Amino acid sequence: QLSGGDFAAVARAALAESGLAAERLTLEITESALLEAAEATMATLLRLKAMGCKVAMDDFGTGYSSLGYLRSFQFDKVKIDRSFIKDSTDDAQCAAILRGILALCRSLRIPNTGEGIETEEQRDLLRALGCEEAQGFLFGRPVPKAEADEIVARMIGPERRLRLAAG
């Protein structure tokens, strides 16, 4: 989708139809997707960023050129692959790599998210290492859109919905 056709035009049309501001849209791309038709994909990502969309590198660290992409493209977020999280509390090498990735993100001022958090121990380690965001089954399982809408409606409450709609 990114290297063929005009994905930026599709995103622009979807934003216009939904009324969502481009700055509120974050597109996640894996390193493997970046490798496919890299020049065309990068051109599309630059068009999306020019529109105001954010771009996050998903599954960071699983490929051989993750660091090169951090140098050649200004990502708005790095999502650290679950493979580094899974064994980080039991494996000193995983923990060291995780520490290094987070230090790199801090140095480059790139927001980060740890993926695949399943235990409180993993959450606590990421927090101690300075990870900014976390996602995974510890916090909730994927649900269908209708159920997600119900959860959000319960969390926000009727008064808040009215203020959001009026504001």
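Modeller: Residues 24 or more positions apart account for 55% of the contacts in the protein chain with a separation of 6 or more, where contact means heavy atoms within 4.5 Å. Please keep in mind that this is a predicted model, in which local features need pLDDT of at least 70 and side-chain atom pairs count only at pLDDT 80 or more, while totals for chains, interfaces and linings use all residues. Residues are numbered from 1 along each chain as its sequence is written, and side-chain values use heavy atoms, with hydrogens and water left out.

Colleague: How many helices and strands does the protein chain have?

Modeller: There are eight helices and five strands, taken as DSSP runs and numbered from the N terminus, with at least four residues of H or I for a helix and at least two of E for a strand. In sequence order the pattern reads α-β-α-α-β-α-β-α-α-β-α-β-α.

Colleague: And in what order do the strands sit in the sheet?

Modeller: The open sheet has the order β1-β2-β3-β4-β5, and its pairing is parallel; two strands pair if DSSP finds at least two bridges between them. β1 (26–30) and β5 (133–134) each have a single partner strand, so they stand at the edges with one side left without a neighbour in the sheet.

Colleague: Which strand is β1 joined to, and by how many bridges?

Modeller: Five bridges join β1 to the parallel strand β2, residues 54–60. Within that pair, L27 stands opposite V55, and T30 stands opposite D58.

Colleague: Which residues of β1 are on the covered face, and which on the uncovered one?

Modeller: L27 and I29 make up the covered face, whereas T26, E28 and T30 make up the uncovered one. In general, side chains in a regular strand alternate between the two faces of the sheet.

Colleague: What lies across β3?

Modeller: Helix α6, residues 92–108, lies across β2, β3 (77–80) and β4 (112–114), and runs at about 175 degrees to β3. For that angle, axes are lines fitted to C-alpha atoms, for helices over the stretch in contact, and angles run from 0 to 180 degrees between N-to-C directions.

Colleague: Where is G19, and how far is it from K49?

Modeller: G19 is in the loop between α1 (7–18) and β1, and counts as exposed at 63% relative accessibility. G19 and K49 are 30 residues apart in sequence and 18 Å apart in space, C-alpha to C-alpha.

Colleague: One backbone point, then: what is the phi of D59, and what is that of R109?

Modeller: D59 has a positive phi of about 60 degrees although it is not a glycine, and R109 likewise has a positive phi of about 60 degrees without being a glycine. Most residues other than glycine have a negative phi.

Terms used. Buried < 20%, exposed > 50% of the residue type's maximum accessible area, 1.4 Å probe, protein only.
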